[in-house]
Structures are given as structure tokens and as C-alpha cells.
Amino acid sequence: MLVQGGPWALSVISLVLLLWQEVSAIDVPLDLKQPPTIMKQSLKDYIVDPRDNIIIECEAKGNPVPTFSWRRNGKFFNVGKDPRVTMRKRSGTLEISFRSGGRPEDYEGEYQCFASNNFGTALTNKILLRVSKSPLWPKEVLEPVVVGEGSPLVLACNPPPGLPPPLTFWMDSAMMPITQDKRVSMGLNGDLYFSNVLAKDSHTDYSCNARFLFTHTIQQKNPFTLKVQTSRKVAETTPNFLSPTGSDSSRMVMRGEKLKLECIASGVPTPSIKWFKKGGDLNQKVKLDNFNKTLRIDSVSEEDAGEYMCMANNQIGSIRHSIYVQVKAAPYWLDQPSNLVLAPDENGRLVCRANGNPKPHIEWLVNGGPINSNSSLPNPSRKVEGDTIMFRSVQIGSSAVYQCNASNDHGYLLANAFISILDMAPRMLGPKNQLIKVIENNRTFLDCPYFGSPLPELRWFKNGQGSGLDGGHYRVYINGTLEIKRARAEDQGTYTCVARNILGKEENQVRLEVKEPTRIVRAPEHQSAIRGTMARFDCRVKSDLTLPITVTWLKDDKPLSLGSRLKKDEDSLSIPNVHEGDEGTYTCTVKTEIDQDTASARLTVSDRPDSPTDLELTDAKERNIRLTWIHGDDHNSPVTLFVVQFEEDRWESGKWQNLSSYPGDINTVILELSPFVNYQFRVIAVNSVGQSRPSLPSQRYQTSGAPPEVIPRGLKGWGTKKNNMEISWEPLLDTERNGPNLHYSVWWRRKDTGEEWSNVTTVGAKHIVHDTETYVPYEIKLRAVNDFGLGGESNIIIGYSGEDKPTAPPTDLRVSKIDSTKVNVHWTPVDPSTVLGEFKEYRVYYWREGSMVKGLRVNKEKKTKGFYSTVAQPTGILTDLQPYSHYRIYMVVANNRYEGPPSNHVEFRTKEGVPEAPKFFKIIQRSTDVIHLEWDKPLEPNGILIGYKLNYQTVNGSRVGLMQMQSFLPNVTTYTLRLPERAIRYKFYLAALTQVGAGEVYAEESPHFTNEAYSKDQVDIATQGWFIGLMCAIALIILILLIVCFIKRSRGGKYPVREKKDLPLDAVDQKGEDGSFDYHSDEDNKPLQGSQNSLDGGVKESDDSLVDYGEGGDGQFNEDGSFIGQYTVKKDKDETEGNESSEATSPVNAIYSLA
């Protein structure tokens, strides 16, 4: 037997009922004989649109297929006689069509459907059919409403009654809602309430509108005209309720409906409203609307009944009103009867329990008629006891449909429940061998729908073992479902459900697979990207490897179109070159066939702000003006700064310059201006991305002229020659001129001499005073002048005429405390009067004459170091010297322009120091068991090398072994270390030694050894393919040359030497007069290996002798004793006879020539 819906528990009422088997609502397979069951029906209160056909639904199932009939207003409704009414096939649904005429109102009434077959009759509710109505507003002439300021007012709406009632609202003639607030609001009845009227309420178009839902029409009432009579002073008044009236009222509301209580009060000032409930606080269900004037509870229950109080108060007084709320209830189910399937001789019961206020009356029917009427089937096994029908030892043929009707003054409930008598072995209703995949740690249900009569006993087993699963980790429901409260990996397996009754047994299997959950382990994060850059959202997923996943992206809850620009890879979404259209919320959704996970992040695209607009100049004054502008769009990056620029058309027309800057939250500023400037302004907005384009310029504004207000800056006097002084200053800016014809007045005089001021006027920014004494002080001052008058006078500054070369050198230059890298320097200072300028420093020149290490070349570049000292016995320290070196120094005194004559020269030798690091340090590993070390002596030994010190230790990650040490003589620069194991690695520390100590350490670590590690650095050339090929080619060439030599020597012949080396040779052999052959070759005219070309392209002959390349130590000579190999130019063509050829007589010679 299949039990549908949620889990239903068995309840035992008393020990007497233990004999009765209690079951839940069941669903009999449709292929079995069974009474009708209503599946679908229209609402009890059914309102239809008159413009549409009327459809009254009635759907039922059963076996045999039910037949349908209707009653209208309690009488049989003959569907076949009305041409407008049709009944759908295999259904009881009525369709009433008005295509050929007729009025929908003629079909209003109460309808009830009956579904019958051989086993009983089921009923629908009584359906009250009504046609929607939207009547027109009655015609009326509304007189103007005249009211004094401060008086209360109610504008009545009184909408026409409709079905269902219309929604009301107030609007003006422009179809804009009337603004409502604490003072003005609409009541629940649609009226517009004014707690007090103000002068601004005078309007001619207060119109109430009614909206009818079914017809989708809005009807408008004729507008009210409100005239407010104003007064000088509005009197304050105490609150008084406009709605409801009186001190108390009552309200009845049905359970489950919406409750609205209203309190609207008048008074000056406008009263505020507060709500209370007698006997307790307002619960969380209570909501306050309409500026606290309305109390609302969306779904009322019995505990919401009681006394509610509203209080209206202002500073003049207060008033209260009590509303007594009574909650009634139409019947509602406590225990709705459900279908019974019993085997012969079984017991059962139908229970129908309902509640309401007042308490409902329970009435039983069978197959649509009273259960105790004469027409009902006699059934001795049936007994009615109030809200329960008992069945004892039922028999085949007593199947029927029972109806329970629970009713009171406020409504009714009707339920059908059949009793079907069947005798049937268990059968499984679900699919066979179903595979269920679930997520680990989730609550899991394995369904096993079954049916049988008598009701089978159902048990579950796992992997065919055990005594049944129930309790603890498992729970079995009466409908056959097995619940696993928290699925774990060990719960995976095959589950078998077995249903058994007295007629047999049946089983089914469900295979359960427990999977890891799908999770987003790196979720996208909110981003703010600058327009044109790339945004990237992460979405890294962890899931069960056996479940294929699908990753999809949404933008603003809509599928994201991945075109050529947007790129999605396994773990992320990339959006290059972002723009404003890319803004939104991006959601990554990861799905498998059994679960999913989502994560969202928002992308905000920021850009440079838009240009400010609508620049306006106001409040113009002589030296300032107000500039106002409107902000442009900041593009998601707040404006932090506004830069105001100006352009003037007198001095630098068209050039925009910064005037001032202001915070980004203002849009109006006072600009301070300069005289005699024709200004034009523009504004630039700046945010974190950058600055906007400049705004359009403002209109121009001309300021009047004035004497210069700024004193020229940067005034100074300094000599460029020994007998002059140049007075210079920074010229005023164009905006500082303040008028035309700007020039400068300059004054100067010798300091402390009492002489008169000298003066000159110039338009430039400097003036040169000539014929001055060398380096004497002057007092200088300056002022700017234009056509409007004199500017302010500068402060007096001290300037100096030009410097000359110092005339005296420092004397008695000497050194002390000579170290390896530094030395103290002492000298006698010069007389300050001989410096002939501002004293700058004593400057030491020093250089390295040589090193005391034999054979070491040094850089003799001169270096300098300055010492500023004015004491009588000055001293300084010369640092950064090279140890064990010969140095020479001298000193000069310097002013700002010149150096004086040199002092005496001093030579000294620095002491021995520690050496520098070795020039190089190489680690060469040619095999798996030996490490070869090589190094070279330091470039700067800084003394006499006495040897080298090598420290080394094994290394393995962060672990190191004991330090070992080797010492070497100074002429040793290699060391070979044998490795005890192939995988051992060493770190080496090498330092050179002098008598002073060890020098800078050179550290190296041995490489990881692999089969190829050492071959990369030290290649065994004998094993290389290219080398073997080259050697074979050379051997082949030598063999060929030997054969050629052998042939030539066996032939013999005469070898004339051509008188002109550059003449072309014959292409064929020439036969001599004596019959011998003469072999000519281009090689005869080529220089031997090692000869050089002369500047004019000739050949410088080699001094090499063929004896060096011949066979044996003796050369080959002619009969006259001349050497055949000697190249001699003859003027005749007589050939010298020889015994043997001297051409290519040796393979060594041949190879050398070939090269």
C-alpha cells in the first residue's frame, strides 16, 4: 500500500482501539478497481470576468472511469439541454461559452459536481459562481470646499460598489499621486484626511480613483476644489479623532484573514499616533503603516483578540480610542478523513475532526447522501460515533465514498474519503534497481513505494545482511521510505526493501552512492576595475572526481554570453578592457547532477570623471569673483579635487594655467584674481583614476590695473668676473604685472663705506656693475614699477663682486698614522686674504704611483677629496686607499671659481692588508666520485700572498655537516676532492691569505649530480659525433693527398716557373719538346701558408724552406746545385732539368697548403 505525502505517524487513542488498524492517506494504483477521488475543483467563492467564457472545474480519477453530473442551486443541472454549456471529455469540467450571445449574469448561482462509478460517488465543494462587476461612478456636481487654515478636513471618496471591491487612490490632474504624510493621508475607506489644512493645500484637482482588478479599469471621480482661507495666526488645538469616532469601537475578524485598525486624528500641531494592547505588548506580527495611523496583522489567530488602544497627542493634549477585536473562525481541519484500503475481515475507521468559532457541526454522508437515510446502502459492519465511523470485519462489496461536512455560521468544510475492500499480495510501485547518488553528510531518503491488502509489513536491509534497518542512524516511514539522517561514505551500498503480508512478499533494491560535496573553494571577490584594464574573477572548485561538473557564469542573474572578449578557463573568468557595460554582479554556478554551489561578486568599473558643466560667474568684485559649476558623472570613483584653470589674452593668449584647486565635494568657489588681467576660466575634475577633460570655458572677466603688489623674488649679486658684479632676480609673472610698461629699479652700494646708492632702471631681469674691486660686499635692493605706480621695495641683500685665483698654497703638507686604507693629512692654512673669493675647501689630489707587489700594474688616475676647515691647525683623514701601495698627494686651496697653486708633494706607502677574493673559483665535477676545484689569485692581493685557505662542509637542504679545512701554498690553484658517496653535495669557502690575515671569502656550492650534470660543463670531446666525423674526413683527405703525391713522384717531369704570375694558365697539360709533360696549377701563383699580401695587392713571399716540409732532412737539388723548391723568376723560358719533382713531395706540406 502506497502512502503519499510527508511522514505520517500512527496514533493510538485508547486500549479499545488497539484492535483497529490505523493507516494514513493512501493512493491505490489506478489499474485496480477503486471509487472516485476528486483531483481538481474550482474555488468555493468563484468570481469570473464577464468578458471571458466561464469554466467550472471538476476533475476526478477512479476505476472504472467516473461519470459526472452537476447540481445548480440544489437541483439537477441538465448540461445537455443548454447549447452554451459543454462538459469536457473524461472530465466533469463545464465550459460556458457566450460567442452566440447570452449574459454571464444568467449563470450565477451555486454549483456542485458529482463523480460516480460502481464503487461510489465523490462530491466537490459547493461553488458559488458570481460575475465581476465594475459599475461607473455616479454623476455628481461637487461644490468647492472652503475651509479655514488649521481646520481638519475629510474629502469623501465613496467608490462605486464592485465585485470584488475596487482599490482606491488619490491623484491630481497631472496623474501624479497626492503626497501623503503625517498630516495628510488616505483612510481604509478611501477618504482623504487632513489633520489640519495649510494654505499650500489649495488645489482644484483632488480626484479619487477606483481600480477594478478583474476588468483592469480605473474610474475617476469628479475632482474636488479646495480653497483655504488663510489667517495671520493659526490657533493650536487639541487632538480629536476623525476616524473612528467616539471613545471606543469594535471589530470582528475571521481567523487567517488580514486585520487593519485605523486611527486618524486632527489637531494643530499635527498629532502623532501610538498603539497599545491591553494586557501586554504588541507582538512581532503587528506592523504599523500609514505613518503609524494603521495597525496591521497579516494573518489573524485567536490570540490576537483583545482590546487595542490608539493614542493621539501633540503639545496641547492627547486623546485615546479603544478598539475591541473579536476573532471568529470558519471551520478548519484538525484531522481530515483519508482513504481506507482494507482486506476482507479487517477493521478500520474514518476520523473527521474540525475546529472553529463557534464549534462546527459534523455531518457524515455516503456517496453524496445522508448516511442514515433509507437510500444509503445498509452496512452492518459500519457504526457512526460523532466525528468517527468505525468499520468491523468488512467484506467485499462494501466499498463506498464517505463525505464529512463540518460547518458553522461562517463557512463549511467538505472532504471525501473512500473505503475500498481489496485482497491483494504486495507489489512494488517504484522503478526497479534504482541508483541514488547523494552528497556526503546530507539527509537522504530512499523511496520504496508499495501496495498490498492487507497492509504489508515493510523492512529494509543493507547489502543483503542484517536483521533490518530502523532506529539510530536510520528511520523507516510508513510509506516505505528509508531515511538516512546523515549519509556517510560507509553508507554506500545496495539497500533492499521487502514488503510482506499473508498473501506473499515482494522486494526491490536501491543502490546508494555517496559523493563528496561540490564546493567553490576560491570564490570571486568584489572588484573595482579601472576602465580599459582587466578584471578577473576566481572560481576554483573542489568536487567528487566521479561527478562531471559544469561551470556557468551569470551576470545580474542572467546567463553571461562568452564572446571573443570574455575568456573563461577552468578556474576563472577574465574580462579584458572593461567598460561600464561590464558592471554588475557576476555569479559562478558549479553544478553536478546532484548538487551545486554558487558564489557571487560585484564588478564596479571606474573611469575618469566627466567634465564639469554650466560654468557661471557671479558676485564680481574688484579682486575676486564667484565661479559655480555642475558636477559630471564620477564613474564610480568619487571626485577628490577640482582644478580651476585660467587663460588671459594679453600676455600669453591661448595658454591655460592652474589658478587654484578645491576639494571634490564643492561646486562653488571664490576666486582671488590679479589686477589688469582679462580672465577666462575652466574646471577639471580629478578622481583616483585620473582627471576629466576640461570643461567648456566660462565667459571672460576683466580686472582693473594697479601698481605691482609682488616684490621680485630671487634677488642676488655675484661676480662673473674678478672686476664685476651681476645683480639678477626672477621677473614678475604676467599675472603679477598689474599694469602696462613694467620695469625694475635697482640700487646698490659698497657695504660699510657710507657711499651713496647707485641706481638704474631696466626692463630685464639683471644688471651688471663693472669696474669693481675683487670680492668685495655690496648692499642691493630692488622694486618693480608700472604705469599705475611703484611697487614695494625689497629687503636689502648682500652681494659680492667677482673672485680671482688664490695666490698662496697651503704649506707644510704632511701625513701621519698611515694604515692599510687610510692616512691622516696635516697642513698649514693660507691667509684668508689670499683666497680672493669665498673660501670653499682645501682640496687634496692623490693618486696611486704603484703597488709594492712586484709586477702588479695599477691605475694612476688622480682622485680628489675636499676638507672644509678654518682652524689654525687643520687636519683630515684620507680614506678608501689601496693597501700595500705607493701614493703621492698634494693640496690646493679653492674658492667658488678657482684653485690656488699646489702645495709641496708628499709620498707615502700604505701598510699590507687582507687580499681581495680570488679572481675566480670553479667547481668542476667530471665524474660521480670526484670534484675538481680551480681558482686564480686575487686581482688585488693587498700584500704578499702566503697561501689559500679552503673550508668546506656537506649540505643537505637546511642541514649542514662539520666544517673541514685545507690550506695551500700561494702557487697552488687547484684541488681535487674525492666523494665518499655519489649524492653528497659540498659548500666551499675559499679565501686568500697575507700576513695580515684571510681576505674576502669566495663561496660556491657543488652542483646536483645527474647522468648529464657534468657533461653540460665538461664535455668529453672524443665522444661527440661531430668530432668523430671531422677526424674521419681529415683522415680521408690525407689518404687522397698521399695517393696524389705518390702518382706525381712516379711520373717525374720538369717544372717551369712562369715569369708573370698573373697570366692565366692553360686548361690542359702542355707537352714539352722532349716529350715530358708540364703540370701547371693555379697553386703555382699562390703564396705559401703564412705569407702576407703587400699593400698594392702583390704577394710577399714566404721565407719558409721546402726542406722543412720534405722527406728527411736533405733537400732535393738540380744538377747545378740549385734548390728545386726555390721560387725564382727567370727572364727566359729555359727550363732547369731535375731528377725528381719537388711539388707536393710531403703529405705534411700538402695538408699545410690545404689549410
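Modeller: Buried means under 20% relative accessible area, exposed over 50%, and partly exposed in between (1.4 Å probe, protein chains only). The model is predicted: local features need pLDDT of at least 70 and side-chain atom pairs 80 or more, while totals for chains, interfaces and linings use all residues. Numbering runs from 1 along each chain as its sequence is written, and side-chain values use heavy atoms, without hydrogens or water.

Start with the count. The whole structure holds 49 salt bridges (a Lys or Arg side-chain nitrogen within 4 Å of an Asp or Glu carboxyl oxygen).

One of them joins Asp582 to Arg565, with 2.7 Å from N to O. Asp582 sits in the loop between strands S54 (572-575) and S55 (584-591), and Arg565 in the loop between S52 (558-559) and S53 (567-568), so the contact ties together parts 17 residues apart in sequence. Strands here are DSSP runs (E, at least two residues), numbered from the N terminus. The two partners fall into separate accessibility classes. Asp582 is buried, at 5% relative accessible area. Arg565 is partly exposed, at 26%.

S55 and S56 pair in the antiparallel sense, over eight bridges (pairing takes at least two DSSP bridges). Within this pair, Thr589 has Thr598 of S56 as its bridge partner. S56 (residues 596-606) also pairs with S48 (residues 527-530), this time in the parallel sense, over four bridges. There, Ile530 stands opposite Ser606.

Arg783 meets Glu793 at 4.0 Å, N to O. Arg783 belongs to S69 (residues 777-786) and Glu793 to S70 (residues 789-793), so this pair links parts 10 residues apart in sequence. Glu793 is partly exposed, at 36% relative accessibility.

Asp812 and Arg814 form a further salt bridge, at 2.8 Å from N to O. Asp812 is partly exposed, at 44%. Arg814 is partly exposed too, at 37%.

Finally, a cluster. Arg103, Glu105 and Asp106 are linked in a network of salt bridges.
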